Amino acid sequence: MLDTNSLLAFSGTSRAAAAAVGPYLVKNVNIIGRAEKIISFCSFALSRRLAGKIQKLTLYYTSSSSDAEFTSNTAIIVRLLTAVLEGASSLRSLCLGDHAIYMFTIEPRLCDILEGFPSLTSLAIWENDMISFNRVPYLQGLQSLAANIWWPKDPAQYPAMTRFMTASASTLTRLELHLPRPLAHAKMVPLLDANKITFPQLRVLHLISMAPALTAKEVVLVFPNVQSLTVCYHHGIRELFEDLEPDVQVWPHLTTIKALLRFILLFTRRYQQPLRSVVLKHDSLEKSADCEEFLDSIKGCPVQRLTMRLEHFKYIVSPPVVVDEDEGDDGSDEDDEDEGDEDEDEDEESSADDTSFTAVWLFTNIASALPDLRILDLSIGMGLYGETNSMIFFEAVRIARILLAPNLVADDQYNSCPPVMGTDRVDKKDFHPTLELIAQRLFRATSARYLSLDLFFFPACTTFTQYRRRSAVSDGCSSYQITLDEYREAKRTIRREIERHDILEG
């Protein structure tokens, strides 16, 4: 299948080509941009009478124009979009980003059109501004619903939001509730009453800075069969579940959890679900004790996928030390009992004292805790402020030394890709051999079949990334590089296998 640019080029060769290519161009549409870009697409679809061929439509309308220009442009977009949707008889998925509530407000007919779609199974609406509303669409038969909006403070609007969420309660399998910007504490909105409504088919639940209830018991009873749970910005959410009554059964079939450290610890210790996929949200492991506590909490779970993002690497992993490999793997050094102060001036000293938390220790303990691991996402980051690209490259090499220490490769192997001092021209491909050596160490230590290895440096956003698959070579650590698409397909395959296993177990 040709890509979009190739299809566009081919469609311009003749009228026959344009007629043949048109349905493929609009089948799956994803547009992110200003008003002109969205207006151009809508005009194209209407002029070619292609609205009926659209199956998936994602529009993220971004604007930095004046209020008057925004109002004028949005009115044009809404008029054209309404015409497109009136003819989109095959539409299955719709995502309106950034200004959805505003569009519903200025053109209520949009809600009527959406409610008349028998084919629509997925809806996502995003609104960055705090806008009061009189109408949102109430769609039945949805399988997926996502809302990233400022949930209203006005209780008079609660019935509308409750109806928006519950119109497809009997069919929804996925629900995502977000706030546009994170808050220090989660927002609890009393929208759902377990005595009146439940979501029996819901399997995937995302709560991002908000919960549609005032108590954890209500959340659990309203969504009784959750298998995949994502919670972010744990302040409030974690405390909400800590107050859960002990006699309430909490998601016995939960197999996937994506959260910050303390929330994962709460669930694994209190409820002991058979987790198969664990995603530890970024900036959670601040010292070796946190890492050990985390791995110990999921030890014994049949975890097949693990995602870890360590955002302050230089504070949690000690510099390389020259010791025997067996001693490094043992992790029995007792010098880390006194963690010291957390002041910035003592970061380097406390890191040096924490010698048990080397990369060797980390890899070995992952392997020990998760013998069934099949896919590992490991991201390691550092803050480098005011540095040139060449200095970032030099720091990447330093991190590689730590990851490969102790005594795993000779120093001259690091120097095969030295930074070019005094210039900002650095080719990331020069660092690939070192990433391959890190991957070799990870494959040797763990049972993972697939690896995503990501070294990133902020705020410059310089990233060194590789995706690798374990090869069939008998040495147990050889691998070869794969593409991002191949890696994503591997994750999807493993997820489907986990879901099939859950169905059989259920």
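In the protein chain, residues 24 or more positions apart account for 71% of the contacts with a separation of 6 or more, a contact being heavy atoms within 4.5 Å. The model is predicted, so local features were required to have pLDDT of at least 70 and side-chain atom pairs were counted only at pLDDT 80 or more, while totals for chains, interfaces and linings use all residues. Residues are numbered from 1 along each chain as its sequence is written, and side-chain values use heavy atoms, with hydrogens and water left out. The secondary structure of the protein chain comprises 19 helices and 17 strands; these are DSSP runs numbered from the N terminus, with helices (H or I) of at least four residues and strands (E) of at least two. Of the 506 residues in the protein chain, 50% are buried. Buried denotes under 20% relative accessible area, exposed over 50%, and partly exposed the range in between (1.4 Å probe, protein chains only).

In soluble globular proteins, nonpolar side chains tend to be buried together. The largest nonpolar core contains 133 residues, of which Trp151, Phe223, Trp251, Phe267 and Phe294 touch the most other members. A nonpolar core is defined here as a set of buried Ala, Val, Leu, Ile, Met, Phe, Trp, Tyr and Cys residues joined through side-chain atoms within 4.5 Å. Helix 4 (residues 67-87) supplies the largest share of this core, 7 residues. Apart from this core lies another, of 8 residues, including Ile375, Tyr450, Ile482 and Ala490. Phe294 is also among the buried residues of helix 11 (residues 288-298), which are Ser288, Asp290, Cys291, Phe294, Leu295, Ser297 and Ile298. Just after helix 11, glycine 300 adopts a positive phi of about 95°.

Across the whole structure, 8 aromatic pairs were found. Rings of Phe, Tyr and Trp (its six-membered ring) pair if their centres lie within 6.5 Å, and planes under 30 degrees apart count as stacked, over 60 as edge-to-face and the rest as tilted. The rings of tryptophan 251 and phenylalanine 267 are stacked, because their centres are 6.2 Å apart and their planes stand at 15°. Tryptophan 251 lies in the loop between helix 9 (237-242) and strand 11 (256-259) and phenylalanine 267 in helix 10 (residues 261-270), so the pair ties together parts that are 16 residues apart in sequence. Tryptophan 251 is buried at 0% relative accessibility, and phenylalanine 267 is buried at 1% relative accessible area. Phenylalanine 267 also forms a stacked pair with phenylalanine 263, with ring centres 4.8 Å apart and planes at 25°. Both phenylalanine 263 and phenylalanine 267 belong to helix 10 and are 4 residues apart, about one turn of the helix. Phenylalanine 263 has a relative accessible area of 0% and is buried. Through ring pairs, Trp251, Phe263, Phe267 and Tyr271 are linked into a cluster. With neighbours within four places in sequence set aside, the contacts of phenylalanine 267 are Leu229, Phe241, Val250, Trp251, Leu254, Ile257, Gln272 and Gln273.

The structure holds 1 cavity of 30 Å³ or more. On a 1 Å grid over the protein atoms alone, a cavity is a set of points where a 1.4 Å probe fits but cannot get out, and lining residues have an atom within 4 Å of a point. Grid points are joined across faces, edges and corners, and the volume is the space filled by probe spheres set on the points. The largest cavity holds about 30 Å³ of space and is lined by Ile38, Leu59, Tyr61, Leu96, Gly97 and Met103. Strand 2 (56-61) and strand 3 (93-97) are the elements that give two or more residues to this lining. By class, the lining has 5 nonpolar, 1 polar and no charged residues, where Ala, Val, Leu, Ile, Met, Phe, Trp, Tyr, Cys and Pro count as nonpolar, Asp, Glu, Lys and Arg as charged, and the others, Gly among them, as polar. Histidine 99 occupies the loop between strand 3 and helix 5 (100-106) and is buried, at 10% relative accessibility.

Arginine 49 has a positive phi of about 55° and is placed in the loop between helix 3 (35-47) and strand 2. Arginine 49 is exposed, at 77% relative accessibility. Serine 209 is buried, with a relative accessible area of 0%.

Key
On a 1 Å grid over the protein atoms alone, a cavity is a set of points where a 1.4 Å probe fits but cannot get out, and a pocket is an open set with protein on both sides within 12 Å along at least five of seven lines; lining residues have an atom within 4 Å of a point.
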